[in-house]
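Subject: Structure for you, with notes

Hi,

Here is the structure I promised to pass on. Have a look at it first, and then read on for what I found in it.

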Number of protein chains: 2
Amino acid sequence: MITNVGDYLKSNDVKPSYQRIKILEFLMKSKDHPTVDTIYRNLISEIPTLSKTTVYNTLKLFIKKKITTAISIENSETRFDADMSVHGHFKCEKCDEVFDFDLDISNLKLDELKEYDIKQTHIYIRGICKNCKNV
Amino acid sequence: MITNVGDYLKSNDVKPSYQRIKILEFLMKSKDHPTVDTIYRNLISEIPTLSKTTVYNTLKLFIKKKITTAISIENSETRFDADMSVHGHFKCEKCDEVFDFDLDISNLKLDELKEYDIKQTHIYIRGICKNCKNV
DNA sequence: GTATCTGCAAAACATTTGCAATTCT
DNA sequence: AGAATTGCAAATGTTTTGCAGATAC
């Protein structure tokens, strides 16, 4: 459990600037895998001088430091997730929401990749979510 | 096994125009999940009047008709695949190639999604491929 | 002859880059 | 002061849109 975002950044070799702390705090409390634009729009009232460039820079840094992961699930905007555990993403084609789901990939047979160096495993499913299905 | 691409398009409710046939033929023989730009550049000598708009239009139609799938694996360009079977994609962070690998997802436990309507399952792995690892 | 398909040019977005101003120590 | 960070404005790259001309049945 992370108690202090500034210390958490420091422990990951990232200097905790005001913008970085606010962006990470927002990412950690978001459960909907926000885009750059969403992050920007949510923080601009609190940080009136914030620029999108800073959001881009910060997320690129977070990814490099493995604090955040980029989710490629649609071709338009990239989404971001501060939850680094392995879990799946479900994208509803109707409401466009992206949900997390737990996942046990331990018995995925990946014999073919034996000689490959695996860095990240991503699983995403597209379909219609529970809410949209019952409408 | 598909013997005639024109008939295959017809059977999927797509009128087999010259451009569509050539694009699908190229997609089917490509094993590297080409981008719009790659498809365009490979066909322009054979179809000098081809425009990228047509490539975009055609791929959008193919996806709608479930002849092709869009692979979201990087945030830049969308890649396309005419192989509609469930298989995984491995993206090498060094050489940027995307490889297919076989996959048995039958024992992926997806209890959480019981009430969801699953349309497509995508699995991609990022890392370093065999070739790049041994350099 | 009417529908559809194609392709050009322009527009719309997302993302990156160069650089100057600001901030932090 | 010096180094890193921020943010503006412009550039880049991908995808979409509007529309006119071409093509097919």
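Start with β5(A) and strand β5 (residues 117–128) of chain B: they run antiparallel and are joined by 11 bridges. Please keep in mind that this is a predicted model. Two of the pairs are handy for finding your way along these strands. I123(A) stands opposite I123(B) in β5(B), and G127(A) has I118(B) of β5(B) as its bridge partner.

What does each chain bring to the contact? Chain A gives 39 residues and chain B gives 39 residues. Of the interface residues of chain A, 100% are also interface residues in chain B, so the copies meet through the same surface. About 3700 Å² is buried between chain A and chain B, and carbon and sulfur atoms give 51% of that area. On the chain A side, Y116(A), Y124(A) and R126(A) lose the most area to chain B, together 16% of what that side buries.

Now the polar side of the interface. Between chain A and chain B, 16 residue pairs are in polar contact, counting pairs with both residues at pLDDT 80 or more. The elements of chain A that give two or more residues to the side touching chain B are β1 (69–71), β4 (98–101), β5 (117–128) and α5 (130–133). Which of them gives the most? That is β5(A), with 12 residues. By type, the residues on this side of chain A divide into 18 nonpolar, eight polar and 13 charged.

With charged residues in the picture, salt bridges are worth a look. Side chains of opposite charge can pair when their charged atoms come close. The rule finds two salt bridges across the interface of chain A and chain B. One of them is formed by E93(A) and K119(B), whose closest N and O atoms are 3.8 Å apart. Over all chains, the count by this rule comes to 18 salt bridges. Among them is a pair inside chain A: K22(A) with E25(A), the closest N and O atoms again being 3.8 Å apart. K22(A) and E25(A) both lie in helix α2 (residues 18–29) of chain A, three residues apart, which is about one turn of the helix.

Finally, some notes on the strands within chain B. What does β5(B) pair with in its own chain? Strand β3 (residues 88–92) of chain B runs parallel to β5(B), with five bridges joining them. In this pairing, K91(B) stands opposite R126(B) of β5(B). On to the next strand: β3(B) also pairs with strand β4 (residues 98–101) of chain B, here in the antiparallel sense and over four bridges. H89(B) stands opposite D100(B) in β4(B). β3(B) and β4(B) form a hairpin with five residues between the strands, where D96(B) takes a positive phi near 65 degrees.

Best wishes

Terms used:
Residues are numbered from 1 along each chain as its sequence is written. Chains are lettered from A and ligands numbered from 1 in the order in which they are written. This is a predicted model: local features need pLDDT of at least 70, side-chain atom pairs count only at pLDDT 80 or more; totals for chains, interfaces and linings use all residues. Side-chain values use heavy atoms; hydrogens and water are left out. Contact means heavy atoms within 4.5 Å. Buried area is the accessible area (1.4 Å probe) that two parts lose on being put together, summed over both. A salt bridge is a side-chain nitrogen of Lys or Arg within 4 Å of a carboxyl oxygen of Asp or Glu. A polar contact is a pair of N or O atoms within 3.5 Å; within protein, one must be able to donate a hydrogen and the other to accept it, and residues adjacent in sequence count only if both atoms are side-chain atoms. Ala, Val, Leu, Ile, Met, Phe, Trp, Tyr, Cys and Pro count as nonpolar, Asp, Glu, Lys and Arg as charged, and the others, Gly among them, as polar. Two strands pair if DSSP finds at least two bridges between them.
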